[in-house]
Every structure is written in structure tokens, then in C-alpha cells.
Amino acid sequence: MPAPSQALNRLFLLGRHYEARFGHLAGHLRAVVLRAGRLALTAAALICTAAVAGCASSGSSQPAASGSTPAASPSAPAATSSSNTPAVVAPSSSAAGTPACATSALQVKLGSSDGYAGGVYVVIDFTNTSGSTCTLFGYPGVSLVTGPPYKQIGLAAKRSTSAPKKLVTLAAGATAHAQLQIVDALNFPSATCGPTKATALKIYPPNQTEPVYLPNTSSGCTKPVQVMYIGAVRPAS
């Protein structure tokens, strides 16, 4: 279909043609043509308006993105430590809070001995004389001495780790012991050992700084040769 402007031009041209031929009818025809042109323009405007409205309507008819899309579900709650969860506690010692046995609380003496070719095993006893429960743990300190005045001979006893350390609880009057091994100094060459006879054993109870002296005439080495070995304290059998 020709555009409204083309149709109007044709009508104007037709009007001029009829004006030339019919004269008095030209004015009337021109008026008709102008009215028809206005109507054509109005119709075109209405058509365009309807077309625009249709476009807008078709665009708005599309469903908008739904706002009802479920939100991402919340993540699982982070693990939290509960204050009601009991802490892991190491088994408490039956002697918790019990003081260590001081030297003054102990009677220290030599117990049984067992000789062998080249040396002797001697038991050192520790008896609680304080009237209150106390504990012993670890190794006594032991050395051979001359005197008095007391002077250490060679090396102190070396700790023997053949048996593990254990906390020993001593009730009043109870006894614990440790085993001391003394190797005969005469087993070593004199030049290497420098043997000397002792007059006593100097003994420190475990974890104490005050010693006890017990008479003993074993021979020790004045030179750095190991002749004594001491075990950890154990409950007396």
C-alpha cells in the first residue's frame, strides 16, 4: 500500500489535472483532496500510535524475572566448641599435692647386699620418719667419699635406666629403696683407675640437696672411671 504522503501527492496531481479540464470544479476538488489528505494523515498517525502501543504492550507482556526465586539456603552452622564438652584430663596421681620427702623426714640406711665376681649390689633404704605422707620420685645421688672432712672419690654413680621412674608415696613409717651397683676398682689397671678406699657413701635422697653419709669401705677410682650405677627408687616389697 502506498505511503500516505505518496497518496496525497497523487491526489494533488489529480486535482491539477481536473482543474485544467473542468475549471470550476477544481476548487471543490482541491478542498476534497485537502480533506482526504488530512484524514489520511490522521489515520496514519493513529496506525503509528497503535503500532507503538502494541510494541510496548508486547514488551511489557513478557514476565519479569521472578522475585520469588528462593534465596540460597544458609550454609550449615560452623562447628563450635561446646562449653559443656569436658576437657581431656590426664589421670591424676594418687599423690597429687603430697610433698616430696625431705632428707630430714627420712631414715637412710644400707640394706641387703649381694656380691658377684667383680662387684656388689647394695640396697639403699629410705624410710619415712616424719609422721606424714610424702613422696619420692627419680634417682638418689650417690658417690664414694673419704674423710671426714669428706671429699668425693672420682665419678658419682651413673643413673641406670633399665627400669622406668615411678612416683613412690610413702606413708608414715613406710620404706622405699634403690639399688646401687659398685664395681670393684681393682678390676681396672691401677694407672687407669687410681684406686682409693672410701670411708663412706654420700647419698642425696631424690630431688634433695642435703646429703646423708653412711659408712662404707668400698674402693673407688680417683680417675674418671665409672664404678657405680644407681637405679630409681621403688616401693619396698
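C221 counts as buried, at 2% relative accessibility, where buried means under 20% relative accessible area, exposed over 50%, and partly exposed in between (1.4 Å probe, protein chains only). Its disulfide partner is C193, with an S to S distance of 1.8 Å; a disulfide is here a pair of cysteine sulfur atoms within 2.5 Å. C193 lies in helix α3 (residues 190-193) and C221 in strand β12 (residues 219-221), so the bond ties together parts that are 28 residues apart in sequence. Helices (H or I, at least four residues) and strands (E, at least two) are DSSP runs, numbered from the N terminus. C193 is buried too, with a relative accessible area of 0%. The torsion about the S-S bond of C193 and C221 is about -100 degrees, so this disulfide is left-handed.

The model is predicted: local features need pLDDT of at least 70, side-chain atom pairs count only at pLDDT 80 or more, and totals for chains, interfaces and linings use all residues. Residues are numbered from 1 along each chain as its sequence is written, and side-chain values use heavy atoms, with hydrogens and water left out.

The pLDDT, which is the predictor's confidence in each residue from 0 to 100, averages 76 over the protein, and 59% of the residues score at least 70. Over residues 45-95 it stays under 50, and for this stretch the model has four contacts beyond four places in sequence; contact means heavy atoms within 4.5 Å. Where pLDDT is low, the predicted coordinates should not be read in detail.

How many disulfides does a search of the whole structure find? It finds two. With the bonded cysteines of the protein numbered in sequence order, the pairing is 1-2, 3-4.

The next topic is the packing of nonpolar residues. In soluble globular proteins, nonpolar side chains tend to be buried together. The largest nonpolar core here has 31 residues, and F126, L136, V142, L180 and M228 have the most contacts inside it. Such a core is a set of buried Ala, Val, Leu, Ile, Met, Phe, Trp, Tyr and Cys residues joined through side-chain atoms within 4.5 Å. Strand β8 (residues 175-183) gives the most to this core, with five residues. Leaving out residues up to four places away in sequence, L136 touches several others, including C101, F126, A176 and V233.

Strand pairing comes next. Two strands pair if DSSP finds at least two bridges between them. β1 and strand β2 (residues 119-128) pair in the antiparallel sense over nine bridges, and Q107 stands opposite T127 in β2. The hairpin of β1 and β2 has two residues between the strands, and in it G118 takes a positive phi near 105 degrees.

An open sheet of four strands has the order β5-β4-β10-β11, with antiparallel pairing. β5 (151-153) and β11 (212-215) stand at the edges, each with a single partner strand, so one side of each is left without a neighbour in the sheet. From one strand to the next, the twist averages 45 degrees, with axes as lines fitted to C-alpha atoms (for helices over the stretch in contact) and angles running from 0 to 180 degrees between N-to-C directions.

Within this sheet, three bridges join strand β4 (residues 141-146) to β5, and V145 stands opposite Q152 in β5. S143 also lies in strand β4 and is buried, with a relative accessible area of 4%. Its neighbours within four places in sequence aside, S143 is in contact with Q152, A156, A200, L201, K202 and M228.

The loop between β4 and β5 holds P148 and P149. The peptide bond from G147 to P148 is cis, with omega near 5 degrees, and the bond from P148 to P149 is also cis, with omega near -10 degrees. In the loop between β10 (200-204) and β11 is N207. Phi of N207 is near 65 degrees, a positive value in a residue other than glycine, and N207 counts as exposed at 62% relative accessibility.
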